[in-house]
Amino acid sequence: MADQSAMEEAAPLLGGSSPTTKRRSRWQAAAAVAATLGVVALSRGGRTVEPRTTMEDALPPSTVDLIQPVKGAKPLQMGHFGKWTVMASTRQRMDETADALWWGMNMLERFRDYDADPAFPSYSYLGPTGCSVVQRRWMSLKHQPADDEMHIVWNSGNQERNTATVNGRTLSLSAEEVFSSIHDLHVQTALTDNQFSGQKVGVFDVTGIERAVWGARDNLRKFGWPYRLLKGVGVIQDHNAKKKRETDLYIVRTLTPDGKIIETTAVAANSQVAKDAFSRVEKDESLRYPVKLPAWQFGSTSCGSDTPYIFCGKPRFNEKLFITQTNAETSDYTAGWPYWEGQTGTIGDDGLVNITRSAHTHVASTDPIRDALFLRKWLKHEPLTDFPDSDDEAWVALPLEQADGVSKYTNHYVHLSKPSGLSAELPRGQGELSLSDFEGFVRFLREQQGGLDWNHYDPFLDEHVGIEGCHSQIAAVSSTLLAMHGDGVPMLTRRELVADDPGRKEERFSVFFDLPASTYAF
């Protein structure tokens, strides 16, 4: 059976118009922002959009007694990575995606209703989970379940066709048709380079790649999800290390029914199963990813940063949870550490669990540098000297301030790339869809009804990444958002009561903005 799997994995793929009326000022005073992050959509000149005139757009009645923002805008500092939200074109695909993430990627499902599952960390401050036209499933990665979520959202509007003139031709497409076409393109190109291959979400498994291999095999059998094994280079970004290191990076790439590529990466292949699976996979030197190992290990760093592979000493991240989920005794995953330099161990071979956390958000863009400069202007970032910008690629390292119990902070990496290759074939004889066509289509839809500034939530805004700020930084964040708005950045805002306890008189605020070229939303 192992030989058969190894032979299978040597195969390429396993499984398979501009508005002309100047809009009015939506909110009349810049100082209205301050402590409420929901009040950020201010007016600015030069943008031509079609204003709404209904009573639904009544202005806030007062800006009295709001805390004034601090002077001067600073880049936004993230508290921690929050979530990826991915679209599902149908309810069936939403359920399949959530079930496969649970079954093959060991994500836990979370609930808004405390009575449904009162056991932490399944329950959290979740917003609305569904209605007649919108439904969602809330999943979490296991390393830090309170963060690192993945939301799968179905909206009935995903099956409605929208018409737009893009690059000199008229396209009539629903979101379902767009993502089905992209899915078929990924299969056709065996999950390698094409116009949309740069759009991926990436998780890192601190325990090694074997469980991603097993899970991908399971999801192929149970759900028909294709997958591919790749090997690249991990460039370790240890801020305590005396020198930079490069190591083998093991990658399991799989595909959802709506064309979303999900990558699991690791720097170790511990079991013989994993070693056999990757034995025929050649290293692709062009697949170079930054890897922030110390913040991703739930091990003590007392033995120093010169050996930042896997565990460095006895694991100390939620040991009881780890043992429970792996059905392994303590000795099973501490004996024989570390794994590098020829040493061996079992790391819970008798238990199937992968402890993953968010690592990379890959964004396909026709202008990666423009998008990268936007992020670097408005979000606090760190330099990545190992990854210089090029015409086709740029990386942005976003430090997350919240400690995870191991390191003072960790990083989330945004990878912007301009892929080449085949375009997607559209239905009903509409020709092909390139990345440029896709960006133009989404941008056209997003700018209708006044755009984000007028609370227009287009069908593709459900594809976004969520990053949570620190509560103590509300005034600073507000000041930055004001500066962004004054710089011409469209923004959509949301506010809601804290979901589990509305009586607390506290509110949650969120702000949507997108990248200028790719249209991918934050």
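Student: What does glutamate 210 touch, not counting residues up to four places away in sequence?

Tutor: Glutamate 210 touches Ala268, Ala269, Asn270, Ser271 and Ala274. Contact here means heavy atoms within 4.5 Å. This is a predicted model, where local features need pLDDT of at least 70, side-chain atom pairs count only at pLDDT 80 or more, and totals for chains, interfaces and linings use all residues. Residues are numbered from 1 along each chain as its sequence is written, and side-chain values use heavy atoms, with hydrogens and water left out.

Student: Where is glutamate 210 placed?

Tutor: Glutamate 210 is in helix H4, residues 210-223. Helices (H or I, at least four residues) and strands (E, at least two) are DSSP runs, numbered from the N terminus.

Student: Why is serine 271 called buried?

Tutor: Its relative accessible area is 9%. Buried means under 20%, exposed over 50%, partly exposed in between (1.4 Å probe, protein chains only). So serine 271 counts as buried. Serine 271 lies in the loop between strand S10 (261-266) and helix H5 (272-277). Beyond four places in sequence, serine 271 touches Glu210 and Trp214.

Student: What makes aspartate 392 partly exposed?

Tutor: Aspartate 392 has 43% relative accessibility. Aspartate 392 is found in the loop between helix H9 (368-378) and strand S13 (393-400).

Student: How far apart are aspartate 392 and serine 417 in sequence and in space?

Tutor: They are 25 residues apart in sequence. In space, aspartate 392 and serine 417 are 5.5 Å apart, C-alpha to C-alpha.
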